[in-house]
Structure formats: C-alpha cells, structure tokens
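Thank you all for coming. Please have a look at the sequence and the model first, and then I will take you through two places in it.

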Amino acid sequence: MSEDYLKNLNEAQIRAVQHAPDIPLQILAGPGSGKTRVLTCRIAHLIQHHGISPENICAVTFTNKAASEMRERLDLLVGKQRTSSLKMGTFHAICATFLRRYAGYAGIESNFSVCGADESKKIIKKLLEPHQKSLISQNLILKDESVLSAISKAKAKGKAADDLLAECSPSRSRRADSGDSLKSQHAVSLDQLVANIYQEYEMALRKSNSLDFDDLLIFGVKLFAENRWIGSWCKHILVDEFQDTNTMQYQFMRHVARANKCVTIVGDPDQSIYGWRSAEVENLTKMQIGEILWTNYRTEDSACQDFPRTQQIFLEQNYRSTGSILALSLAIISQGGPLFENIVAASPDESAPDRTRIQKTLRTTQSNWAAPVLRKFPTEQIEAASIAAEIKRLIAFTGGMLAWSDFVVLLRFTAHSRLIESSLQRAGIPNRVLGGQRFFERQEVKDILAYLQLIDNPQFAPAFTRAINVPSRGIGDKTVSHLLSAAETMRISPLEVANRIYNGTLPDIRPSVKRKLASFVPHIDRLTQLALQGTSPVILIRNLLELIDYKAHLGKTQQDWENRWDNIQELVNFARETESQEDLEAQIGTLGDAGPIEVDDFNDDYINVDSFREIGGRGKEKASTPGLTATRTTPLRRFLQASLLSTDTETEADERRRGKVTISTCHAAKGLEWPVVMIPGVEKGIFPSHRAEDIYEERRLLYVACTRAQGLLYLSHTNTRMVSGKTLGSELSEFVWPVISNNPVAFNNHPPDIMHSDRAFLAQLLSRKAPEEAEVTRMVTEYNREHPPSLENYSHITSRGTHDWQELPTAHVPDVPQVLPG
Ligand code: ATP
Ligand code: MG
C-alpha cells in the first residue's frame, strides 16, 4: 500500500508519524510546525501501515470544524470508505454520543437533553433568588454567572457538590480563617451557599433528565471507568491541542486508552489559552515522560504515571509564517527578547518573566518580507475604518490574488466586533463573525430548538418554560411556576400537567389557563406523533413553524425579523445536512455489545467517580444488570445533539463562507491560519484584559493571535477608546512596547507597498498563481479612483519606538501609494 502521506513531510515529522504505535508519544512544537498535519498523517499511517481498523481509532479535536477538516484530509489520504468509521470529534461530542448509546450503563436516560449555558444560568438564577434578600442585607453580592462558573470549575476538576461542601465544613473553615475576620467569614458562607446551590442545581438537572456540558465529560468518564468493555474498541487515541485539556478530558483519555495505552498527543504549552476554563497544561507531565525529561513542567506528584515510557518529539520548522512575523511572535512570547540573534540583546520586560516557560526552537525557511505593521489611530472608529480601507487596498494591489476570505480581524473581546462589523459593512465588505454569538444561541433558533427538545424529552423544564410562551400565550411566570411545582409534586413532567389541565383531568390552575393551552398542547401532540413516526427534523421544523405561525410572531415582535427568519431557514438547512451526514452515532453502531472484558487495571486516584454516583442514580452494579442494552438514536435526537454541541458559530455552507472577511475572537482562531491577520486594540486593558487573572495566559493569547498570520500582520492601537460609555485615554500594550524598544526594526509604521516582487513572493508563500499585471493595473486604477489618496493620513511611529499621530481629517484612512508601484 502506498505511503503517500509521508510525502511533503520533514524528517522530524516523518519520525513522529512513524513512531511505534505502542509507545505513548507527545509531539510538542510551536505554532505552524505541522502538528495537526502530523496527527492526520499518523492516523493514515496507523491505518495503512499497521493495519489498525479505523473504527478502533479515536481522534479528538478542539472544535467540530477541526474534526471535519481532518476527516476531509484523511479522505484524500486513505479514502472516504475507510475514514467513515473513525471516531472523531470533540471530547464533548464523543462523550455525548457514547452516552446516548449506552445511557443505561451510565445511569441516565438515553433521551437526556443537553442543557446549554443559558438554561443553566436560568436554573441558577432561580435557585439563587430566595437567598438574595439575605445577601443584600449582609452587603454581599453573588451573581448567577459567578455561581455557574464556580460550579463549572469544580466539575471540570471532577469535584461533586459534596466535595465542595466538605471543603467548607466548619473544621476546615476555622483553619482557613484563623484571623477570624468578617470578610473571611463571609467568604466561607458564600462558598457554602455556592456548594448548596451546586447540589440543588444537580438535582434540577436530573429531574429534567438533562446533562450540562461538564456533565457530558463527567458521565462519559464514569461510563468508561465503570464499563471497561465499552472502551476496549480503542486501539489508539490521538488528541490535538492537548495543552488545553482539563482534568476530566484527561481522565476520559486515560480511561479510553486504558486497555492498550496507545496514545498520541500534540500540543504547545505556549498556546495554552483556556486556563480560565480550567484547562491544565500540567496534563502534559501527568503522562510521565520517559525519554526527554521536560523538567520545568514536572509536577511533584510521583503517582502520575499513567503512560510510562512516554516519548517526546519536537518539531522546529514553521511552515506557516514569514520570518518577520515569526520573529515578532517569538519576541512577544519571550517577553521582549531580541527579534533576531544579531540584534543587540534586549533588556527584559519589566514584569516578572514567565519562569515556567520552556524555550523552544522555531525556524522558518520563509524570508522576512514585510515587517509586521504597528499603527496608532486617534479613535477606535478610525481604527475600524482603516482596517476596512486596508483590506480593500490589499485586494486591489494584489490584483485580486487575495480575496475577502484571506483576511481575519482578531479581537480580544466579542463586544469589540460591533464597530468592526459596521465599518466593514459600510465599506461594502462581506464578513462573518466566528466565536461571537453562536448560531445556536440566537433567540429565534433557541425558540425552535426548545419545542423540539420538549418533544424529545418532556421532562426538560427549561424547554417547557421557553416554548409555552412562544408565541406569547399570555401565560404568566406565576402560572408557569405553578405548572412546574405541580409537576414536581405529582412526579410527572410539566408537559403532562399541561396536558391534563387541557384535557380536564386536572382542574384549571386559574381560569383561562385551559383556554390558553389550546394553542400549545394540541400542537405538541401533533409534533410528538410525527416524531414517533420517525419524521425527519426538517419536516418537523416546517410543521412547527406553520402550527405556531412563527414568521408572523417574528414580524410582530422583532424589528429585524427578516434576518431572524433567515436564521430559521439556516436551521432548516442545518437539519438537512445532519440528515445526510454520517455521524459518530452511526460509527458507534459498529461497536456492538462486546460485553464485559477484563483489561489492565490502574488506580482511580484522580476523581472519585463514586461521588457522582448518587447524582447519576446508578452505580457499578448496574453495569452487569441483565436487560441493559445499547440504544439507537432517533433522527430528531441526532439533530438536537449536533446543534447543541456545535462549536461553530454559524452553519452556512462552506462555499458561502469563503467569500467573507472573518471577524473572530483570538480564542476561536486557535489552530487556524489566514494570509492576512489584523489585530486592533493592542492596548493595556485589552491585551492583557483588565479582567485577566493570569497575565502569562494573556501574553500567550496575543502570541496565538499573531502566529495565525501567513503573510501580513497588522497590530494597531488608539489614543482614546470608549469604555463603559466613557472616553478614556489608552496606552500601547505592555506585551508590545518592550519589543519595540529592543528591536527598532520589529514593525513598519505604515502598510507595505505592494510591488511586483511582493506579489510574486505572496504567490509563492500561498502556493497561488501570481496575478496578471494588467489585472493589477485595472484594479488599482479603479481603487485609486474610488479612494483619492491623502498623505496626511499616516499614523506615525518615531524611530525611537515612541508613538505619535496626526489628527486625521476624515474617518477614512487609506494609506495609498499615489502611483501604481512595480
Ligand atoms: P498550530 O499550533 O497553530 O495549531 P500546527 O503546528 O498544528 O499549528 P499545522 O496547522 O499542521 O500546524 O500546519 C501549519 C501549516 O503548515 C499548514 O498550512 C500546513 O499545511 C503546513 N505544513 C505543515 N507541514 C508542512 C511541510 N512539511 N511542508 C509544507 N507545508 C507544511
Ligand atoms: Mg494545529
């Protein structure tokens, strides 16, 4: 069998691909060094060379999009037929799919709903309400988001509510606040309250037959830990972006890999940017490194010997970026160190150096080409306008070799996207937002999903509460509360209570409720019947829209109803896509029920899965209970799962995405690359964020953002910026100014001219055809006609690295060469 996948790999990459499958491997390297490419080729190698069946391979990616890209590449390398049975997806998607299939073994129902962050917040808010009065009287504030975040953090570490309660038990707390200050007493009582709410929250989720995102991992780990035969299919597990795994994800990997201990992980500690979401870069050392000791990251914990003999391979060649972009990025991550070795040594950054950071070598064969651009603008409006202008200029001056989709604007905060979006729109530039509000979090999409969730799982109270008043039926909050508490007392679902009131088998709670339910209960009945007949989600949605006349409801209640209606149509498109997709569930269908198999044992010293048993309801003993079988999922359930676990922000077909400039958060850009990257707001309070807890993580975030760029990188900052409605003065980010003062050549102060030779360079860098010069002339002439040049518009950096700017006359700031260069 040919090993084409080894073509176009360097020596270290080939070594990593061919590394013995049974020796755990860590591939550690900087951005753009081909880690993801190597991981993909290694899967091909395991299949082609070692004859491992694709259904025995589990590949974990950070986003669903990354999984589908990897699958596309593998289709080319080993053929679509063979890759269709690979188990590939995010940790959450893989867990959710196994949980559906083997729900009984995890002590849950197979029609569990996935409770999204919004719904979780609503549950917490309700639980917190009775305590607010007493909190206010003590001058204490406890926000629902903070409680949810504390619970989520605990869950990511595998801590149950009982663990939190034990942590704030009186004996412990006495020790904790030996000073006995009022403040620490409050802290203890707040902790206790959070722990209590955690407990009630869990109960609410279970009553609703639902799992939140953290639960998917907790119950996934529990499933594999208690039923080892379920994991015995796995002959090799591979994890991309390993530096951002949390404790539960690591546990999942450990349990899935326990039979064969064949593991490949790739990661880059310099790109760990999810510490705020409980990711633990230390997971790298938990694997117990055998060959190369990575001392800085070794923990004290000698019990961490999950994968003895783990070996490491480093990749040092960057294939993504030009030399100047890479040099600047490395200077940022090494805290203002010298850009190039021949530049006089830098004085270190004033802030304390990140001592845990490993110095890694990263080289590129690409030439230095255009230095990254650093510009300063008077205001954020002018900054946004200049981004739009520069995108247009570059497209013209590259004769259309660069297209809209080659540009990304990377932001620290989603809130900043509004200005950029409207500026691009004003300039007529098509754009899309990645990592902003997720498509499936939009109100109108959630309205429709709530109905479908309710049909699938009538116990799911959040869906009931939402659907019952969309469109408005005049059923007030109090009535809904009555319905919910009646359901609890009678131990039936809220939907069943509504049913009985409507049918007259339960007395009307208050006059007219029965009448109001006439436009709800029969619709749900109709849809449930359709769902039971196996009707496709597309037809279900169409029926639903008609039954509740959703378009008219949008028209009456929303100004931008047309956009919202488009989103609903997009949801229908998505439903159609999921119908035709081969998904994880289908792949898991090939597993069969192998039955219990004895496999290697090891200590379960990380989480106490027993502590979740109470909540889960069933324990180990159930695993061997006769009558437990694997369940097949319905089309509706598969659609709901795909939408609720989607990590994508939109569902547009790829062809339509291609023609747009991307606006993204830095976080969501992880693992991706673009020819031109623009990062506005490189200022104190933004990079690092004023809310940041870990300054090093903020630095790594800027590093991740810069290293997305292949050819051109633009950073900018402003003189003033509006923060919470006030215009404040802003200063250049402390991550950048030491780089400037140490390396005067680090930045260009204005965008590069694009000459003939530049176009040739770009064409080679991006493996594209250089444009015809006649086309360049045509586009530039047109551009110059539309954008008369104005030389005063340069923002300016002095040679000493200090900044200056001239007041700009208009909001339009093109840096336009007056004559056609080249
Ligand atoms: P990140 O850390 O940002 O996730 P990465 O290490 O995963 O980056 P890849 O995305 O795999 O890097 O590769 C970066 C770019 O380099 C891709 O465009 C990839 O196709 C290209 N590339 C990787 N290896 C080679 C090679 N040997 N020859 C040519 N191009 C390569
Ligand atoms: Mg990658």
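I will begin with a site listed in a record and then turn to a pair of helices.

This is a predicted model, in which local features need pLDDT of at least 70 and side-chain atom pairs count only at pLDDT 80 or more, while totals for chains, interfaces and linings use all residues. Residues are numbered from 1 along each chain as its sequence is written, and chains are lettered from A and ligands numbered from 1 in the order in which they are written.

In an unreviewed entry, UniProt lists a "binding site" that includes Pro 31 and Gly 34; such positions follow the numbering used here, feature names are shortened, and annotations may be inferred rather than shown by experiment. Pro 31 sits in the loop between β1 (25-29) and α2 (35-48), where helices (H or I, at least four residues) and strands (E, at least two) are DSSP runs numbered from the N terminus. Is Pro 31 buried or exposed? Pro 31 counts as buried because 23 C-beta neighbours lie inside 10 Å, the terms being buried for 20 or more other C-beta atoms within 10 Å, exposed for 12 or fewer, and partly exposed in between, with C-beta atoms placed from the backbone. Gly 34, in the loop between β1 and α2, is buried as well, with 23 other C-beta atoms within 10 Å.

Turning to the helices, α11 (residues 213-226) and α13 (residues 247-256) pack at about 20°, their axes 9 Å apart; axes are lines fitted to C-alpha atoms, for helices over the stretch in contact (C-beta atoms, placed from the backbone, within 7 Å), and angles run from 0 to 180 degrees between N-to-C directions. That makes α11 roughly parallel to α13, since angles under 35 degrees count as roughly parallel, over 145 as roughly antiparallel, 65 to 115 as roughly perpendicular and the rest as oblique.
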